[in-house]
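Reader: Hi! I'm new to reading protein models. Could you walk me through this one?

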Amino acid sequence: MKTLATISTFVGKTFAAWVILFAVLGFFFPDTFKQIAPWIVTLLSIIMFGMGLTLSVDDFREVVKRPFDVTIGVLGQFLIMPLLAVLLTRIIPMPPEVAAGVILVGCCPGGTSSNVMTYLSKGDVALSVACTSVTTLAAPLVTPFLVWMFASQFLPVDGWAMFLSIVKVVLVPLALGAALQKVLPGVVKAAVPALPLVSVIGIVLIVSAVVGASKGAIAQSGLMIFAVVVLHNGLGYLLGYFAAKATGLSLAKRKAIAIEVGMQNSGLGAALATAYFSPLAAVPSAIFSVWHNISGALLANWFSGRVDGDTESLPDYRA
């Protein structure tokens, strides 16, 4: 188990490289990797189950202890990213499926990678974990509503079916993971070190499947989609930071909220786009999965050298 934990730690630290590698493999060997597409929902459910194994009461105590801070993060996530997505679809010409995919990934909850990046940035990890947990639990209601409101002009949106899907692939696995943690705490504690490996495998397979299924569209429109994703992600960081600053939050909290807002649960976006729109609509989510892990690491590195007098004592990052 110690060897597995060491491998898991290494793979987790080199996450971005693995995502890039498998995106490239998916592009050059599409017939192999597109066969994974029917398993995207299952893979995402496994990732969410792993997240459930790491949830604790302390994550939600932060919501009670600091409701204002968490509210800023949650509102930033569900206002800034969807509205940025809509703006980008208005100013950059793109096919309807791509526009729907950009809006979909913008309406997703925060990604768990944001917790790691916040730790690396010397930001407020507890706040990041609390925001990720709340946005994930709110996603079944908020994400379908926002997608219906903003993306139905491009493609038909079945909000009710999307709600049921998010419940099945997000809330149910989360609940099962949290329940298992209570029933078999010793087993779960022993398994936790391997969870980064499971998450990385799940994400890279989802990305490679989406890329493989959409090779032709990526070859034709990949640069445009990449540019949109970079703008979306970068502006999310920027506006998240300034939203936190405008509300008087400390530097550590501003770092957490900037990263939380800019990084999305793009695996969920890819799964929903594949199920309800088209493989092409899943491409923005796949590219987001690659890019936000690169940009997040770069931003965390830059943030880590910036501290101020009111940066509070931070808890250790919990994998």
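Author: Happy to! Let's begin with Phe303, which is buried, with a relative accessible area of 5%. Buried means under 20% relative accessible area, exposed means over 50%, and partly exposed lies in between, using a 1.4 Å probe and protein chains only. This is a predicted model, where local features need pLDDT of at least 70 and side-chain atom pairs count only at pLDDT 80 or more, while totals for chains, interfaces and linings use all residues. Residues are numbered from 1 along each chain as its sequence is written, and side-chain values use heavy atoms, leaving out hydrogens and water.

Reader: Thanks! And Trp302, is that buried or partly exposed?

Author: Trp302 counts as partly exposed, at 46% relative accessibility.

Reader: Which aromatic cluster do they belong to?

Author: Trp302 and Phe303 form one aromatic cluster with Tyr241 and Phe242. Rings of Phe, Tyr and Trp (its six-membered ring) pair if their centres lie within 6.5 Å; planes under 30 degrees apart count as stacked, over 60 as edge-to-face and the rest as tilted.

Reader: How many aromatic pairs does the structure hold?

Author: The structure holds eight aromatic pairs. One of them is Phe145 with Trp148: the ring centres are 6.1 Å apart and the planes are at 35 degrees, so the pair is tilted.

Reader: Where do Phe145 and Trp148 sit in helix H9 relative to each other?

Author: They are three residues apart in helix H9, which separates them by about one helical turn. Phe145 is partly exposed at 46% relative accessibility, and Trp148 is partly exposed too, with a relative accessible area of 45%. As for Trp302 and Phe303, their ring centres are 5.7 Å apart with planes at 45 degrees, so that pair is tilted.

Reader: Nice. Zooming out, how many helices and strands does the chain have?

Author: The chain has 16 helices and zero strands. Its radius of gyration is 18 Å, close to the 20 Å that the globule rule gives for 319 residues, so the chain is as compact as a globular protein of that length. Two terms there: helices (H or I, at least four residues) and strands (E, at least two) are DSSP runs, numbered from the N terminus. The radius of gyration is taken over C-alpha atoms, and the globule rule is 2.2 Å times the number of residues to the power 0.38.

Reader: What does the C-alpha trace span along its principal axes?

Author: About 50 × 45 × 35 Å. Of the 319 residues, 54% count as buried.

Reader: Last one: where is Leu239 found?

Author: Leu239 is in helix H13 (residues 215-246). With a relative accessible area of 38%, Leu239 is partly exposed.
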